[in-house]
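My notes follow in the order I checked things.

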Amino acid sequence: MDNLKRKRGHEEMDHDGGGVGVSGPGKRGRDQHMQMTSKPDTKLQDLITRIGEKSNASLEDNLSTLSVVLDKDMNEQKKLILSLICNCVISMPWKITIYSTLVGLINQKKDAVHITRFIGDLVNCNVITAMSVLSLFESFIEVLKEEDIPQARSDWYVYMVLSALPWCGKVLAERHEADLERVLFEIDKYITSKRKKSYLLCSECEDQPGIMPGHHSIDRYLIEDWIEQILIYYHWTGKNVLKCCCSIRVLPKFPYLLHCRGVFRHIFRLPQPPFLELFYSSLLIEICKKEASKAPVVLAQATELLYERLTSMHTACIDRFVNWFAYNLSNFQFKWDWNDWSDSLTLDTIHPKQIFMRETLLKCLRLSYHDNVKDMVPDTFSIFVPAEMTPNYHYSTDTESQCGKVAALVKAALTEKKHQDKILPFFL
């Protein structure tokens, strides 16, 4: 009987043009609950109340899309969204499973990694015990023992533990070394058992010794992770990104080089960077302006490292390097010590360094003019300077044809700055 009533409720939907109502008490109850929300946002109300209705897309796709939309609006309209969902659950009980799934998708998008790190860091403040955190980690590791578990699920739980250890690993090792070793042993066994490399493994790209702390440095991991999160969460406002990035002072010896590395990791991300390339270029420029005594030197050092790695760089990344470098030069009077890159002069014309030099100067030409590009590089680099582009005015030598005569009259009128009423008759 209940199923029959629920079915009849679906069949009576959308008869009043609203698309979300049902006749009888159900509709009246829904309207009463909707009135509880003061001045509801019509768009959000329609999106939330109409979910589950017939459409060309599947319910799974609609739920996924709606969860993304609501997640973006959650900060500004959290009370409204929660109120609408609660009202819909009460007035449309046949959609309870739909709304519970929606709430689950929204909640899933909250960063559980950061919460786990926060819990781990509370050990340092003696808010929770080290054993409690280890118990949490062990519950995550228990997932690895599930049968037929997707690798994405097991990888995620292992990553949760590994990403939290930099915040609490020292205390755990001091107080419960044996328990921590057991957790790490299970993780090591899991990673080595995988045939394919997972994202848990470190990057293979090596840095020059002495330039930055190694890949296994905890300080470097923390700073790079902070910069990554700053770029993700504050990319929509450059001022907040600049303020947050410049506030990271944990490593006085390497701070801005790590800033540059974090930004370049985004720029060179394949198949495309998360945000517009112009955002990253502008950010680096603002950092250099704010920290004029330190940041420009560090950025130049990072540029040198990138230049040395051109031979192993993806073609798309070389193009982005060209775009960024030319734009950066245009904001600093096109000044650069080109002699440091004189090794490119003797290389093959299709060598990545030669291509980079030609493309960079060509891009600079679009941001400046030919004489300036020619003067900003030493004479030995003239082979990279693009040819001067001059206008080809066909009628400069044609004075006999009818078109040539009209062109000469128009040119003379424009030179004398005559009124348009005096020029237009030439074309009639």
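I started with helix α9, residues 177-193, in what is a predicted model. I get 17 residues and a reach of 24 Å from the first C-alpha to the last. That is close to the 24 Å expected at 1.5 Å a residue.

Next I asked which residues of α9 are buried. They are Asp179, Leu180, Val183, Ile187 and Tyr190. Looking down the axis of α9, I find these buried residues within an arc of 105°, so they line one face of the helix. I then checked what they pack against: α7 (130-141) and α8 (151-175). On the face turned away from the buried side I noted the exposed residues Glu177, Ala178, Phe185 and Thr192.

I moved on to a helix pair. Two packed helices are described by the angle between their axes and the distance between the axes. For α13 (residues 277-290) and α15 (residues 315-330), the axes come within 10 Å and cross at roughly 40°. The two helices are therefore oblique to each other. I recorded the crossing of α13 past α15 as right-handed.

Which residues meet there? From α13 I listed Glu277, Leu278, Ser281, Ser282, Leu284 and Ile285. From α15 I listed Arg320, Asn323, Trp324, Tyr327 and Asn328.

Is Asn328 buried or exposed? Its relative accessible area is 10%, under the 20% cut-off, so I call Asn328 buried. Leaving aside residues up to four places away in sequence, Asn328 touches Ile285 and Leu299. Ile285 is also on my list for α13 at the crossing with α15.

Definitions and conventions: Residues are numbered from 1 along each chain as its sequence is written. This is a predicted model: local features need pLDDT of at least 70, side-chain atom pairs count only at pLDDT 80 or more; totals for chains, interfaces and linings use all residues. Side-chain values use heavy atoms; hydrogens and water are left out. Helices (H or I, at least four residues) and strands (E, at least two) are DSSP runs, numbered from the N terminus. The expected span of a helix is 1.5 Å times one less than its number of residues. Buried means under 20% relative accessible area, exposed over 50%, partly exposed in between (1.4 Å probe, protein chains only). The arc is that of the directions from the helix axis to the C-beta atoms. Contact means heavy atoms within 4.5 Å. Axes are lines fitted to C-alpha atoms, for helices over the stretch in contact, and angles run from 0 to 180 degrees between N-to-C directions. Angles under 35 degrees count as roughly parallel, over 145 as roughly antiparallel, 65 to 115 as roughly perpendicular and the rest as oblique. A crossing is left-handed if the near helix is turned anticlockwise from the far one by less than a right angle, and right-handed if clockwise.
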